Amino acid sequence: MLGLSGILMAVLFSIGGWSFGRLSVGMAPLVLAYAAIPHTLDGYASAPIWWAGTIAATLWFLFQVVFSVRQLRAVRTLAKRSSTGLTAEVGPAASAALRSIARESIFWATGLSIAATIAGIATFGVLSTELGHTYEELEGGSFSDYLATAAAILSILAIIQWVRCGWRAIARTVVGNLLWQVSPGLGPVEGLLSPKEHDAGMLPFAHAQATPGCTCIEEFFRSDPSEDEEFLEGDGVLAAAYCPAHGIDQVNSLTPEQFRSKAITTWFWDENSAEPISENLEADRCLLIGFAGHSFTGLPAQFKNGQAETNPGPGELADERVPGTGAWSWEPPKPPLGGILDRIDLRPVGLGGQAIRYSHGRAWFETGNQNHELDRR
Ligand SMILES: [Zn+2]
C-alpha cells in the first residue's frame, strides 16, 4: 500500500521542490525514503532504485551539513577576531522584530506538526476501511493514497521547520548575539544601505523655509505644481541649481577649507552622488543585528539615539548575497568626466574619500577605496 503515494510525492517534489531553496536539500532524502519504504514492503523490483536515490540524497545532505558547520565556525572566528568588546543597546523596534521572527518560526513548526498529525490520523482511518478490498472494488483509486501524500508532505515540512529552528538556535548560541558593522555594498548579505543613501542634493524643508532669499521651495513647485507641501516636509526639498543660498555657485564659492569643514552638508552633493560616510560618526554606520551565518542572516539596522535600531515596520532578516549570480549587478552612477573645478581631499576630517567639484554642477563624492571590483565578484 501507499506505493502510489510515494510516487505522487516524488513527482510533486520534483516539480515544486526548488521553491524551498536550501531546505530542499534536507527534504530530498525524506521524500525518496517515503517512496522507497512502501516499494520495499510490497516487494516491487524498483525498490533498490528508490533506495539508491535516498542514499545519494542523504550523502549530498550530509555534505551540505559539513559546509554549514564549517561556515558557522568561520563566522565564530570572524566574530572573535573583529570584536571590539563594546556593547550596544538594541532599540525597541529591533527587539520586537527579533522576538517576532523567533515566534513565527516556532508557530510554523507547531502548526505544521499539528496539521501533519491530523492528516496522519485521517489517513489511517480511511486506510482501515480500504484494506482488504481489491483495486476493482475501490473503483480504480484509493483515497488513502492522496490523504497519505498530504500527511507525508506536512510531516516532512514540519520536520524541516523544526530542524531549521534548532539549527538557528545552535548558530545564534555559537556565534553570540552580536552587532556587526558592515561596509555598504560588501559582506554576506544584501540590502544594507547607508543611512544617508538618498539624501544627496536635498535640503531639510524647515531649513529652506528659514533661509532668507532661498528659492528652493518656489523652484520645486514651479517644476511640479501638483506636489503638496506635506511631501516636502517629510522628504525635504531638492536644492535648486540657481538658489542664491543653496545654488551651484554657492557650493563652488567656498574655499576648499570651508567646503571640507562642512562637507557632510547634503545639498553640496549631486543628487546621484554617493554621500561622504564618516568614519567617526556612529549614525553613518551600516549595522547587522545578530548575523550568525545563512541560518540567521540578521536584521539590517542603524544607530538611532545611541541604540541599534531597525527601520519602522516589520523587521525582516537580510537577504543572503549569492555569489556569482549577478544579484549585485547595480552599479552606482558615475560622475561627469569634464568640467572639473577641483578635487578636495576629505580624509583630514574623517570622511574616507575626496570631493570633486564641477563648474556647472554640484559636487560628487569618490571613496578612497573604490571596491566595485570586489562587489561584482
Ligand atoms: Zn535654497
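I started with helix H3, residues 47–82: its 36 residues reach 52 Å from first C-alpha to last, close to the 52 Å expected at 1.5 Å a residue. The expected span is 1.5 Å times one less than the number of residues. Helices here are DSSP runs of H or I with at least four residues, strands are E runs of at least two, and both are numbered from the N terminus.

This is a predicted model, so I kept in mind that local features need pLDDT of at least 70 and side-chain atom pairs 80 or more, while totals for chains, interfaces and linings use all residues. Residues are numbered from 1 along each chain as its sequence is written.

Next, what is buried in H3? I found Trp50, Thr54, Ala57 and Val75 (buried: 20 or more other C-beta atoms within 10 Å of the residue's own, C-beta placed from the backbone). The buried residues of H3 pack against helix H2 (23–41) and helix H5 (143–175).

I then checked the UniProt record: the unreviewed entry lists 49–69, 106–126 and 146–163 as "transmembrane region", in the numbering used here, and such annotations may be inferred rather than shown by experiment. In the model, 106–126 is 100% helix with end C-alpha atoms 30 Å apart; 146–163 is also 100% helix, with its ends 26 Å apart.

Definitions and conventions:
Buried ≥ 20, exposed ≤ 12 C-beta atoms within 10 Å, placed from the backbone. Contact = placed C-beta atoms within 7 Å.
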